[in-house]
Amino acid sequence: MRGIVVSVGREDLTVKTSHGSEKFVLTPETEFVKSGAPAAAGDLKASDRVVVHAKKKGSRMEAVKVEFAPAAGPKKQ
Amino acid sequence: MKTLCIVLALSLAVVLGALVAGAALLFRGGISARVEPTNVEAGMARRLLRLGIPDSSRQLRNPVAPSKDVLAAGRAHFADHCAICHGNDGAGRTEMGRNLYPRAPDLRLPQTQELTDGELFYIIENGVRLTGMPGWGEGSEESGRASWHLVAFIRHLPLLTSVEKMEMEHLNPKGPDEWREMQKDEAFLKGSAPSPDTRHENH
């Protein structure tokens, strides 16, 4: 699932996608990758671009791997 | 004569009891692979596994030293052939590994790490009957060398770094759709507009 981070907490991540808002559960096993390098949950910020690989567990979506890149800064004039 | 009859009857009762207990153990849950093996069953299976490996094979030591190149070759081979069940990190926490009976073992744990080089090589080459482990050996020198590289890599699994694990993800087998989605992911993370995601998250 590709989208933009709306909010990130210790145990959940909300992402705005083309289908609307999606909520994912973060677990101790969730992997984080920032710009192709291993990262931590704390590196993830609101408005980052994110690709979430998730698995359905009952009624919730559990994030297995979260790949992200910082939002592009304002364009230089 | 009477004593002999009693001994025979008792022996028969013991054998029948053992058979009934064995059958109850084996068929609890029918043929389902979902039930967890009991500790007794798992322990017996481990002992039988080691007993089933010829002594000459058990004594073998890895003829290749775990150099950087050997580990890289083993890592690439493992990502391509083994990770679908064992996972890139060898933990066995994959859809396949978790649902096999017996479950794919965590290769980083002593149960596997304490096997000899020869035992690991034998299992890779010949597989294990009545489990999901296939025999990969082709009997050629090249295939044998590749299996020894895998033995070296399995020894390295407890020390696997997250960078190595990420490299392996690029080497895991993927279908054309998966490749396309991966390229779209990369393009999106580099700033492209999001395109529809066709992946399914059910499995």
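Let me start with the crossing of two helices in chain B of this predicted model: α4(B) passes α9(B) in a right-handed crossing. The axes of α4(B), which covers residues 68–86, and of α9(B) come within 9 Å and cross at roughly 55°, and that angle makes α4(B) oblique to α9(B). On the α4(B) side the contact is made by Arg75(B), Ala76(B), Ala79(B), Asp80(B) and Ala83(B), and these meet Glu164(B), Met168(B) and Leu171(B) of α9(B). If we divide the residues of this contact by class, we find five nonpolar and three charged, with no polar residue.

Staying with α9(B) for a moment, let me turn to where chain B touches chain A. That contact takes twelve residues from chain B and 15 residues from chain A. Which elements of chain B give two or more residues to the side that touches chain A? They are α9, residues 162–171, and α10, residues 176–189. By class, this side of chain B has six nonpolar residues, together with three polar and three charged ones.

Elsewhere in chain B, helix α2 runs over residues 39–51, which is 13 residues, and from its first C-alpha to its last it reaches 18 Å, close to the 18 Å expected at 1.5 Å a residue. Is this helix buried or in the open? Of the 13 residues of α2(B) the number buried is zero, and therefore the helix lies largely in the open.

I would like to finish with some backbone details, which I take loop by loop. In the loop between α5 (95–99) and α6 (110–113) of chain B we find Pro102(B), and the peptide bond that joins Tyr101(B) to Pro102(B) is cis, with omega about 0°.

Further along chain B, in the loop between α7 (117–126) and α8 (141–156), sits Leu130(B), which has a positive phi of about 60° although it is not a glycine. Leu130(B) has 8 other C-beta atoms within 10 Å, and because the cut-off for exposed is 12 or fewer, Leu130(B) is exposed.

With 12 C-beta neighbours inside 10 Å, Ser47(A) counts as exposed, since the class takes in residues with 12 or fewer.

Note on methods
Residues numbered from 1 in each chain as written. Chains lettered and ligands numbered in written order. Predicted model: local features only at pLDDT ≥ 70, side-chain atom pairs only at ≥ 80, totals over all residues. Helix = DSSP H or I, 4+ residues; strand = E, 2+ residues; numbered from the N terminus. Expected span 1.5 Å × (residues − 1). Buried ≥ 20, exposed ≤ 12 C-beta atoms within 10 Å, placed from the backbone. Contact = placed C-beta atoms within 7 Å. Nonpolar A, V, L, I, M, F, W, Y, C, P; charged D, E, K, R; others polar. Axes fitted to C-alpha atoms, helices over the stretch in contact; angles between N-to-C directions. Parallel < 35°, antiparallel > 145°, perpendicular 65-115°, else oblique. Left-handed = near helix turned anticlockwise from the far one by under 90°.
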